[in-house]
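Hi,

Here is the structure I promised to pass on.

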Amino acid sequence: MLNRLSLIYDIARIVNPAKCVVLQCGEDGMVHEAASCYGFWGKQTRCRHCSSSCAMAAAHNMEKDEVREGRICHILSAPVDVEQADGSVYSCVMEMVSSNVRSEEMRVMRDRELIQLLVAKMGDVRRGVVCFNIEDECVYANPEVFQLFQVPQGELALLKEFFRTWVDDSRMEESGDIALLSDAEWKQECNLGKRTRLCDVGYHKLFDGEGRFSGYFYEIYDDSMPLRTGLPLEEESFLDPLTELMPRERFFQTVGEVLRCAVHPEYVLIASNIKDFKFVNSLFGKEKGDEILMLLGGLYRELAGSKGVAGRLHGDKFVLFMPRDAFQPNEIMERVTEITTRFDNSSFKLCVHLGVYEIVDVSLPVSLMCDRANLAIETIQNVRVNQIAVYKDTLLKKALHDSEILSSFASALENHEFEVYLQPQIARDSTLCGAEALVRWNHPTRGLLMPGQFIPLLENAGLIYQLDAYMWGAAASLISAWKNTPMAELPLSVNISARDTFYIDIYQTITTYVEKLGIDPAKLHLEITETALMSDRVQYNTLIDKFRERGFVVEIDDFGSGYSSLAMLKDIHADILKLDLGFLMPSKEDERGALILKSVIDMAKTLGMITITEGVEHEEQVKLLTKLGTDAFQGFYFDRPMPVQNFVEKYYGAGCIERNA
Ligand code: C2E
Ligand code: CA
Ligand code: CA
């Protein structure tokens with residue numbers, strides 16, 4: 001029968017949808033399981049919307065369309081019982097597939113029909129809705145979804161990218177079989193900026209008039225969405241007792257009302273944050289902390305006047321909403337500074353950061369306007385004086401980009417997407433004397449990423465120690481693999497970030513690698529930046545002494561980038577000093593730079609340290625530095641950082657790779 005059906009359909013086959021296998025009738029008259037059935041659709045795992053599963057469960061025929069190699073395939077799944085030679089019955093599904101060439105117009109038409117189906121099903125429910133067609137393309141999302149994920153309205157491709165990495169489909173399986181279910185619901189977190197929200201997510205399939213699977217959609221319900229947010233005004237009519245400002249929900253609701261009713265809605269929303277407020281209570285006492293909050297609250301109430309609104313979201317986070325023409329940034333900063341200077345003392349400088357969002361899209365939920373004002377604050381989070389910053393759309397793009405980079409970090413480590421590049425260090429006599437291990441990220445979608453594109457993010461997120469530990473392990477493994485090869489004597493330098501000591505015991509982590517791999521610690525050079533050393537001289541002094549006693553070589557990295565470089569040299573006992581030309585001699589003709597370099601090199605020599613000059617790009621620099629007495633060089637003049645294999649081939653000849661492999 002299958003053979004006959006093959007004449008009518010492009011494909012006719014029987015499958016067991018529970019096991020995802022194609023079945024074959026053997027000469028013995030029995031049914032045998034063959035290859036996986038999803039392979040035919042070019043998939044690696046079972047299909048999300050398997051019509052044969054549905055047909056089997058429902059015990060009647062099911063139809064659906066699927067796209068394969070640019071063709072729309074119509075699949076008819078019919079449950080059948082096959083009687084086997086031994087009299088037993090094998091229940092399975094007959095799949096009959098016929099395909100049409102897909103045209104662009106056809107696709108557009110289908111997507112339109114799909115959206116109509118969606119609208120008919122949704123009615124006027126107000127919540128986030130995002131809809132996909134059978135090709136898993138995002139065809140529609142309502143404004144609430146764009147707002148929730150802070151994606152510019154209408155940017156479906158961007159939204160899809162973001163949504164796909166966010167939505168946790170695996171939760172579906174917890175609520176049932178994903179291939180069978182038309183409905184599944186679960187809860188999942190949404191992290192945007194610093195706020196975490198718990199969203200209810202619903203998954204639903206859409207079927208057309210003939211019962212054909214046509215696409216699917218997700219409903220997302222988040223607390224901050226309109227209509228579902230607001231408690232009735234009466235329930236929240238109180239003010240924050242300390243500052244007499246509106247509390248969070250009340251502020252959101254009032255501002256929303258003002259914007260809805262305004263004829264010319266030209267307003268700004270200003271977020272205020274006290275830098276390191278957590279230290280204020282412990283340094284000054286809780287009463288002083290409260291006094292600061294009351295004073296600032298009073299100021300914002302006054303600035304809001306009768307046409308604006310001031311609120312306290314929580315802790316030291318205030319918000320001020322006011323007409324754009326009443327907004328005078330200089331005046332606000334002066335008034336804030338009047339308050340903060342009253343609390344300055346020698347050990348602490350009270351500092352307030354303001355972020356401004358100029359309200360352009362009045363339909364945006366007020367909570368998201370606050371998020372945008374806070375994004376502006378994040379750009380000045382390292383500034384230690386009172387400062388104001390204005391939100392720009394690029395900040396949102398950057399925030400999305402950053403959050404995507406951070407969320408792909410864990411899997412990137414697991415998948416070995418980080419690669420060691422080596423940059424040679426060349427001695428005065430032009431021989432190779434070492435190499436620095438520098439990280440590169442082979443990102444699956446963004447290509448090769450340089451450290452500057454992800455290290456600062458990982459540092460801020462407290463994740464850098466994981467990458468550093470990975471790199472130390474990778475360098476130690478290279479040293480171990482190079483035993484008994486021409487590279488056996490080559491030392492490798494690794495970087496230690498100032499933040500690593502916050503999270504792990506660096507000494508233990510590194511010595512564990514060395515012991516496990518049985519390598520000579522003198523081959524692993526540890527680079528600690530001057531700025532890290534300055535941040536906690538006592539702690540690093542002890543650590544460096546411990547490392548050196550154990551036989552490691554310690555290098556001071558980026559010397560010349562800090563404020564008190566020379567003073568530091570006398571306290572820290574390191575083996576190697578890395579001078580960075582970028583800091584010490586910004587221009588080629590810098591005579592003063594040359595003098596400073598000379599005195600630093602002389603001083604390092606007196607203290608018994610070896611000097612490596614980094615950032616060497618020109619021959620004249622090499623000549624000058626050789627004259628000044630530097631011991632080794634690292635820089636583009638000699639070579640850029642390169643993959644390990646290229647490094648070994650270039651400096652030791654191609655044979656080494658084979659010998660080593
Ligand atoms: P770094 O430790 O000072 O490393 C030297 C950087 O200077 C490298 O940049 C190198 O490519 C660059 N460089 C070398 N010679 C020249 C030159 O002649 N001219 C110029 N303009 N640049 C030169 P890269 O690889 O982009 O790394 C940048 C920084 O990222 C490193 O600076 C280091 O601070 C950090 N980094 C790299 N890998 C790691 C790592 O595994 N862990 C940590 N914590 N930081 C790392
Ligand atoms: Ca370095
Ligand atoms: Ca450096």
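**What I found**

The charged end of K546 sits over the ring of Y507, 4.5 Å from the ring centre. A charge sits over a ring if NZ of Lys or CZ of Arg is within 6 Å of the ring centre and within 35 degrees of the ring normal. K278 has its charged end over the ring of F279, at 5.1 Å from the centre.

Some housekeeping: this is a predicted model, where local features need pLDDT of at least 70 and side-chain atom pairs count only at pLDDT 80 or more, while totals for chains, interfaces and linings use all residues. Residues are numbered from 1 along each chain as its sequence is written, chains are lettered from A and ligands numbered from 1 in the order in which they are written, and side-chain values use heavy atoms, with hydrogens and water left out.

**The calcium ions**

E436 (OE), N495 (OD1), E527 (OE) and D557 (OD) coordinate the calcium ion (ligand 2) at 2.1 to 2.3 Å. Donors are N, O and S atoms within 2.8 Å of the metal (3.2 Å for Na, K and Ca); water is not among the atoms, so sites may look incomplete. N495 is in strand β21 (residues 492-496) and E527 in strand β22 (residues 524-529), so this pair ties together parts 32 residues apart in sequence. Strands (E, at least two residues) and helices (H or I, at least four) are DSSP runs, numbered from the N terminus.

D557 bridges the two ions, ligand 2 and ligand 3, which lie 3.9 Å apart.

How accessible are these donors? E527 is buried at 1% relative accessibility and D557 is buried at 4%, whereas N495 is partly exposed at 25% and D558 is partly exposed at 21%. Buried means under 20% relative accessible area, exposed over 50%, and partly exposed in between (1.4 Å probe, protein chains only).

**Aromatic pairs**

There are 28 aromatic pairs, counting rings of Phe, Tyr and Trp (its six-membered ring) whose centres lie within 6.5 Å, with planes under 30 degrees apart stacked, over 60 edge-to-face and the rest tilted. Among them, Y357 and Y391 are edge-to-face, 5.3 Å centre to centre with 75 degrees between the planes. Both Y357 and Y391 are buried. W441 and F454 also form an edge-to-face pair, at 5.4 Å and 85 degrees.

Best wishes
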